[in-house]
Each structure stands twice: as C-alpha cells, then as structure tokens.
Amino acid sequence: MQATKLKDLHTPCLLIEQSKLKQNISYLSEHIGALGCVIRPHVKTHKSVDITQLIVDAGNTQGITVSTLKEAKHFFAAGYTDILYAVGIVPNKFAAVQSLMEQGCKITVILDSLELAKLLGEYADTQQVVFNVLIELDVDKHRAGVNPHSQTLLDIAYALHHQSYTQLQGVMTHAGGSYECFEKSSQLALARQERDLSLLAAERIRAEGIACKTVSIGSTPTAFAIDDLSGITEVRAGVYVLFDLVMSGLGVCKIDDIAISVMGSIIGFQKEKQMALCDAGWMAMSRDRGTAGHKIDQGYGLICDKNGALIANMLMTSANQEHGIISMRKANTQRGKSTDFPFALFSIGDLIRILPNHACATAAQYNHFYLVDGDKVIKTLPSISGW
Ligand SMILES: Cc1ncc(COP(=O)(O)O)c(C=O)c1O
C-alpha cells in the first residue's frame with residue numbers, strides 16, 4: 001500500500017519537498033524566459049521523468065540534457081525525443097547513439113578533439129547515418145573542452161562540416177568553475193565569460209562559412225547570475241531544482257530553498273561522546289563532501305527535525321556505510337569544544353531529515369524518491385541509476 005505519512009516509510013529514504021521543488025523550477029523558468037531564452041534541463045540531478053515533466057510544464061524549455069546513455073534511453077522511452085548527451089562521446093558508444101537515432105530520437109553528442117571528430121566521421125560513413133554534434137568549449141579551465149580562441153576549434157569545425165555524415169550543430173560549454181565563485185560579483189563575471197567566449201567561438205566558426213546554430217551554455221550558479229543572453233540559444237542547468245548545501249554555501253540559494261533531504265531514524269546515543277547515531281550513512285548521503293572547502297564545512301549534511309526545520313549547529317560529522325554520526329558543530333573557541341548534544345530532543349526511532357552537500361550525488365544513491373508536503377507523502381517518484 002502507498003505510504004501516506006512519513007512515519008509509514010522505511011529509512012533511509014529520499015524526500016523531495018514539493019513546494020520548494022516547484023518554487024525552484026519556476027524561479028529559473030521565469031528568469032531565463034525574461035531574458036528571452038530557454039532552459040535545456042539537465043536531468044542528471046534527479047533522473048526522474050516526473051520531475052522533468054514539472055520543469056517542462058513550468059515553461060521556457062526545449063529538449064533535455066543527459067549525462068548517461070541510460071538516461072537517454074529512459075527519457076526517450078518516456079517521450080523525450082530532443083536529447084543532448086553532454087559527456088564527451090567515445091567510440092564504444094557510437095552504436096548505442098545510432099540505435100537511439102534509428103528509433104526516432106534526435107540525440108546530439110559532444111566532442112572536443114579532432115581525433116574523435118574523425119573517428120565519429122569514419123563510423124558514420126560506414127553506417128551512412130548522420131550524427132549531430134556540438135563542439136565542447138573550455139571557458140574557465142574547469143574540465144573538458146577546446147579553447148574558444150584556438151585553431152583546434154576551427155579544425156574540428158572543418159572536419160565535422162566536411163565529413164559526409166557528421167553535422168556540426170554548434171558549440172556548448174559548462175562553466176563548472178562557478179562552483180568556486182562565492183560572491184555574486186564573481187558568479188556574474190563568470191556567467192558573462194561563459195556567454196561571451198561561447199559567442200566568440202560561434203562567430204569564429206561562422207566567419208569560416210560554417211553554420212553554427214546552437215550556442216548552449218550553463219551551470220546553476222551562472223544560469224542564476226546571468227543578466228543578458230543575447231545570442232545564446234539555450235541554458236543548461238540541473239541542480240537548481242533540488243538545490244543543496246554547496247549551492248547555499250555559494251549563496252546561489254538559501255538553506256530554506258533546499259528541496260531534497262534524506263530521512264533517517266535515530267538508532268542510538270553515545271552520551272559520553274556527545275553524539276547520536278542514525279541509520280543514514282554514506283550510502284544514503286553519498287561520499288560527497290562538497291562543502292569541505294567552504295568557509296562553513298557542513299560535514300555530511302545538516303540535521304533537521306522530521307518536518308524539515310533546521311536544528312541549529314547539528315550536523316552529520318562523520319559517516320560509515322550505514323551509520324551516520326550526529327554531533328554539534330565545534331564551537332568557535334580556542335579549544336574547539338562542541339556544545340553539549342541536546343539528547344532531550346530525540347528518542348530512539350525518531351525521524352530526522354538531513355540536507356545533503358550535493359543533490360546529484362545523493363539522489364543517485366536511490367531508485368525512487370518520495371514527493372512530500374510536510375508530513376504527507378504525495379507520490380513515489382521512480383528514478384534510474386547506472387550506465
Ligand atoms: C555539461 C553540463 N551541463 C550542465 C550541467 C548543469 O550544471 P548544474 O548542475 O550546476 O546545474 C552540468 C553539471 O555538471 C554539466 O556537466
């Protein structure tokens with residue numbers, strides 16, 4: 001029977017607070033819409049068709065972005081036909097992409113080397129199937145991509161344009177360096193850099209007489225910061241729908257905007273160690289310690305009561321596979337002593353909610369979530385994992 005109250009659920013489990021989810025979705029939809037652009041939602045954060053439908057219903061979207069071919073297959077089966085696979089393509093995935101195309105999926109792949117452009121071209125020739133491609137740009141020295149000023153960019157564009165069965169659609173980038181931007185001003189500066197370098201790359205390709213229709217950019221911090229999207233054809237963002245402690249640490253959201261939490265049960269107390277134990281360890285939270293380098297390190301997560309109200313200074317300070325260690329934040333004194341643990345707050349079996357560091361990493365630990373409204377369980381949302 002479908003659970004109707006939090007107390008009917010087994011712990012650990014993953015909760016998504018409906019009102020916060022909807023508020024986060026509509027905020028970005030309106031912001032990007034007001035700038036005359038559209039979002040290509042990145043579904044890797046939640047891997048849920050139901051949540052994606054809410055994003056689409058909010059408006060100002062086109063297609064979706066995926067990070068695995070499993071996501072591509074899953075969402076295609078659910079009716080999403082316009083898909084950007086936004087991790088560099090490699091030959092062992094050519095056939096799977098081809099198979100999706102042959103079933104009617106308009107899937108686009110990305111690459112950032114001449115070598116791969118040629119390998120894809122050779123494969124496409126043998127199959128006589130046209131592959132749609134975006135060239136990945138590096139706009140902030142964060143991860144992958146070619147330098148927008150480089151000759152390599154043009155060499156790849158030439159190759160894709162002149163090969164018989166590869167179609168250059170445009171350029172894309174992800175300014176992941178925004179996860180290191182702690183000020184609104186640096187987020188805006190990087191957002192403009194992401195936009196301007198992408199537009200520059202597109203213009204350089206066009207100046208060679210090669211069409212470059214798509215200019216796709218995005219990360220949650222830059223999508224929230226950007227103030228002008230002229231020339232940009234789509235913005236990709238994922239984590240904003242749930243938000244997390246990394247995003248609140250950057251000031252992109254407030255802690256109160258975080259829609260995702262892991263619900264655990266208190267399983268014991270260690271009074272002499274001033275700590276409680278819960279049944280949500282790192283399997284339930286993930287190993288992600290994304291706030292470790294922040295001014296405020298949130299451990300493995302912040303503790304809330306079962307209704308989601310934050311308990312001041314209480315966090316998961318350490319995690320074993322299926323045990324979470326809950327203690328008080330060390331007071332900022334010379335001896336670094338923690339405040340006394342408020343044992344009177346809890347009894348064995350009590351439910352708590354834990355706000356995670358990184359929504360994508362935590363959500364990926366589960367194959368379903370519970371959409372909730374306070375204490376009420378509205379719906380079970382299936383999700384997928386794996387490759
Ligand atoms: C290629 C690409 N695009 C878009 C995103 C979305 O970024 P965010 O999760 O900050 O919204 C990611 C996230 O890692 C990404 O890898």
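Which residues of β13 are buried on one side, and which on the other? On one side they are Gly324, Ile326 and Met328; on the other, Ile325 and Ser327.

## About the model

This is a predicted model: local features need pLDDT of at least 70, side-chain atom pairs count only at pLDDT 80 or more, and totals for chains, interfaces and linings use all residues. Numbering starts from 1 along each chain as its sequence is written, and side-chain values use heavy atoms, leaving out hydrogens and water.

## A buried strand

Strands (E, at least two residues) and helices (H or I, at least four) are DSSP runs, numbered from the N terminus. Buried means under 20% relative accessible area, exposed over 50%, and partly exposed in between, with a 1.4 Å probe and protein chains only.

Two strands pair if DSSP finds at least two bridges between them. Strand β12 (residues 310-319) pairs with β13 in the antiparallel sense over 5 bridges. Met316 stands opposite Ile326 in β13. A hairpin of 4 residues joins β12 to β13. Strand β10 (residues 275-278) also runs antiparallel to β13, joined by 3 bridges. Here Leu277 stands opposite Ile325.

## The parallel sheet

An open sheet holds 7 strands in the order β2-β3-β4-β5-β6-β7-β8, with parallel pairing. β2 (64-66) and β8 (234-235) are at the edges with a single partner strand each, so one side of each has no neighbour in the sheet.

Within this sheet, β4 (residues 106-111) and β5 (residues 131-136) pair over 4 bridges. Thr108 has Asn132 in β5 as its bridge partner. Helix α7 (residues 184-207) packs on the sheet and touches β5, β6 (166-172) and β7 (214-217), a contact being heavy atoms within 4.5 Å.

## The ligand site

Polar contacts are pairs of N or O atoms within 3.5 Å. A polar side-chain atom of Lys44 lies 3.3 Å from a ligand oxygen atom. For Arg143 the distance to an oxygen atom of the ligand is 2.9 Å. A side-chain N or O atom of Tyr179 is 2.6 Å from a ligand oxygen atom.

## Ser385

Ser385 lies in the segment after β16 (376-382). Its relative accessibility is 32%, so Ser385 counts as partly exposed.

Technical notes: Axes are lines fitted to C-alpha atoms, for helices over the stretch in contact, and angles run from 0 to 180 degrees between N-to-C directions. A polar contact is a pair of N or O atoms within 3.5 Å; within protein, one must be able to donate a hydrogen and the other to accept it, and residues adjacent in sequence count only if both atoms are side-chain atoms.
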